[in-house]
Amino acid sequence: MRIYYAHPMNTYGSAIEKEDIETLAKLGFTVLNPSDEYFQNSFLKYKQENPNNYFQYFSDLVSTCQALAFRAFPGNLIGAGIAAEIKIAEKLGLPIVQLPCQMNRILTISETRTLLKEIGG
């Protein structure tokens, strides 16, 4: 199954990108990574030919996949480009997976108890 990997441009070529791709591959996915040199070159050509509608290039890529995985910015914020790709996947009825944040998410016992009190657990 092919999965589109939507992620912030500042993570292109990074260790996070490599780790995400390895994780998705271990789960059995073939990853379509828009930061790959082939897609970057193809996009530049498409953008020159379609200066007023160049995001269609990414829409077309998403539509060739059976699922979408995305990485948000720290703080769980989602950039406009990634949000648009998610909307395309939603419209197509594709499964959408958010890759976990790299920040420490493990609570201490005290923090767990405090959180449970706050949320009524």
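Which residue in strand 2 is the bridge partner of Tyr4? The bridge partner of Tyr4 in strand 2 is Leu32.

## Basis of the model

This is a predicted model, in which local features need pLDDT of at least 70, side-chain atom pairs count only at pLDDT 80 or more, and totals for chains, interfaces and linings use all residues. Residues are numbered from 1 along each chain as its sequence is written, and side-chain values use heavy atoms, with hydrogens and water left out.

## The sheet

An open sheet is formed by 4 strands in the order 2-1-3-4, with parallel pairing. Helices (H or I, at least four residues) and strands (E, at least two) are DSSP runs, numbered from the N terminus; two strands pair if DSSP finds at least two bridges between them. Strand 2 (30-32) and strand 4 (96-98) are at the edges with a single partner strand each, so one side of each has no neighbour in the sheet. On average, neighbouring strands of this sheet are turned by 30° against each other, direction ignored.

Strand 1 (residues 2-6) runs parallel to strand 2 and is joined to strand 2 by 3 bridges.

Helix 4 (residues 80-92) lies across strand 1, strand 3 (67-70) and strand 4, and runs at about 155° to strand 3. Axes are lines fitted to C-alpha atoms, for helices over the stretch in contact, and angles run from 0 to 180 degrees between N-to-C directions. Contact means heavy atoms within 4.5 Å.

The loop between strand 3 and helix 4 holds Arg71. Arg71 has 5% relative accessibility and therefore counts as buried (under 20% relative accessible area; exposed is over 50%, partly exposed in between, with a 1.4 Å probe and protein chains only). Its side chain makes a polar contact with the side chain of Asp20, at 2.7 Å (a pair of N or O atoms within 3.5 Å; within protein, one must be able to donate a hydrogen and the other to accept it, and residues adjacent in sequence count only if both atoms are side-chain atoms).

## Helix 2 against helix 3

Helix 2 (residues 37-49) packs with helix 3 (residues 56-63) at an angle of about 135°, and their axes are 10 Å apart. The contact involves Phe39, Ser42, Phe43 and Tyr46 of helix 2, and Gln56, Tyr57, Phe58, Asp60 and Leu61 of helix 3.

## Asp36

Asp36 is in the loop between strand 2 and helix 2. With 34% relative accessibility, Asp36 counts as partly exposed. Asp36 and Gly13 are 23 residues apart in sequence, and 8.7 Å apart in space, C-alpha to C-alpha.
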